[in-house]
Amino acid sequence: MENNPVWDVAVIGAGPAGLSAAHAAASAGARVVVLERAEHPRYKTCGGGLLGMSLRMSAERLPVPARDTINAVTFTHDGRRQFTRRSPGDPVVTMVRRDDFDHAWFQAVVQAGATVRQHSLVRAVSQGERTATVSLADGTDVTARVVIGADGSAGVSTRHVGVTFDQQDLGLEVELAATDADRSRWQGRLLLDWGPVPGSYGWVFPKGDQLTVGVIMEKGRGAETRRYLRAFVARLGLEDREVLRDSGHLTRCRAATAPLRKGRVLVAGDAAGLLEPWTREGISYALRSGTWAGTVAANGGDLSAYDRLVTGELAPEMAAGRRLLGLFGRHPALVHAAFASPLGWRAFTGFCRGEISMARVLRHRVLRAAVSMLGGRPAGA
């Protein structure tokens, strides 16, 4: 088995990172198996807002199950100073439910030729000289030339590789049954509320017959996060809506020096701590890192090429996001006012549509100097 494994690539986890990795590897001709602990379609706590890059990457491979397309955004600062901006043309954000979205990727992966094993709980990962082995809870092993871990930031693969994190946040969300009045009020429009604690914010994302209402705040403020969500829902007049789901999750951003690979095991998406530090958006990072991991793994040669892609493409964006999170935490009113300006709105829509990155914005000499002057540094820096 060490010399001739059944699989070229084994992927742990069937979310956006794992499925994009499997799709890329299978499309390149690799023998691919995906190991998923649950069964698709399955619920996943997530805002479900697709940025332009995620929409384009997905649309090239599958029919995107959009629930709404957003061209208007309402901004508030802890419920006050409300204003709404609109942008015609391409959607600013496309809304999906994660069970729909992940299942569409699941079907595309199967069509690409990968094998998906559901109800496959991973217990451990080990490595030999030429292969890596995934040990399952049922006592069986899966051996492959390369393993890609996409099982979340608390997953087995993350621990095996030794990923460390320098930012952890708690997100709480409720999925509410939308009335006809809600659908009329929110269709085509989302809301972002800059919260009462530095770095926190809340959102309303419309998805047809449902509204996703959530808040996020740094870990360690659980009681404050819950109070913020309750107050936010009440302020919106939604406290009497049927709660379809009530859930929470931790988001974790990798430390800049954290490894992305150990031997023949690569980690992608949340398992690598890859997400945007300010907005905590992770789907675009999952799809990009997963695609790169799958492509590199299928080639089976220089696996360090994956490290170079992530550090060259995603690390600068994360560094910029940390700086902007620092600015937002210190001056939320200033950030709120900036989005009311034509320049701020163009920057926001350009980022959401994937036309510009935060790193590109901060390369502008004047903007970089202004952010530095206002204290736009990561907390603790």
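The model you are looking at is predicted.

**The seven-stranded sheet**

Let's begin with the sheet. Seven strands form an open sheet in the order β6-β5-β13-β14-β15-β12-β16, and their pairing is mixed. Which strands stand at the edges? They are β6 (80-86) and β16 (243-254); each has a single partner strand, so one side of each is left without a neighbour in the sheet. On average, neighbouring strands here are turned by 15° against each other, direction ignored.

For one example, follow strand β14 (residues 201-207) and strand β15 (residues 210-218): they pair in the antiparallel sense over seven bridges. Within this pair, F205 has T212 in β15 as its bridge partner.

| Helix | Strands touched | Angle between directions |
|---|---|---|
| α6 (residues 222-235) | β12 (165-177), β13 (189-194), β14 and β15 | about 145° with β15 |
| α9 (residues 332-340) | β5 (72-77), β6 and β13 | about 30° with β6 |

**The nonpolar cores**

Now look for the nonpolar residues inside the model. The largest nonpolar core has 69 residues, and those touching the most other members are V9, V32, V34, V134, V142, L274 and Y306. Helix α7 (residues 283-299) supplies the largest share of this core, with eight residues. To see what such a member meets, pick V32: leaving aside residues up to four places away in sequence, V32 touches W7, V9, V11, A22, A25, A26, A114 and T115. There is also a second, separate core of 28 residues, which includes V92, M95, W203 and F339.

Start with D8, which lies in strand β1 (residues 7-12). Is D8 buried or exposed? D8 counts as buried because its relative accessible area is 17%, under the 20% cut-off. The side chain of D8 makes a polar contact with the side chain of R31, at 2.7 Å. Beyond residues up to four places away in sequence, D8 touches A30, R31, A144, R145 and V146.

Next comes F328, in helix α8 (residues 304-330). F328 is buried as well, with 2% relative accessibility. Not counting residues up to four places away in sequence, F328 touches W194, G199, S200, W278 and V335.

Key
Residues are numbered from 1 along each chain as its sequence is written. This is a predicted model: local features need pLDDT of at least 70, side-chain atom pairs count only at pLDDT 80 or more; totals for chains, interfaces and linings use all residues. Side-chain values use heavy atoms; hydrogens and water are left out. Helices (H or I, at least four residues) and strands (E, at least two) are DSSP runs, numbered from the N terminus. Buried means under 20% relative accessible area, exposed over 50%, partly exposed in between (1.4 Å probe, protein chains only). A polar contact is a pair of N or O atoms within 3.5 Å; within protein, one must be able to donate a hydrogen and the other to accept it, and residues adjacent in sequence count only if both atoms are side-chain atoms. Contact means heavy atoms within 4.5 Å. Two strands pair if DSSP finds at least two bridges between them. Axes are lines fitted to C-alpha atoms, for helices over the stretch in contact, and angles run from 0 to 180 degrees between N-to-C directions. A nonpolar core is a set of buried Ala, Val, Leu, Ile, Met, Phe, Trp, Tyr and Cys residues joined through side-chain atoms within 4.5 Å.
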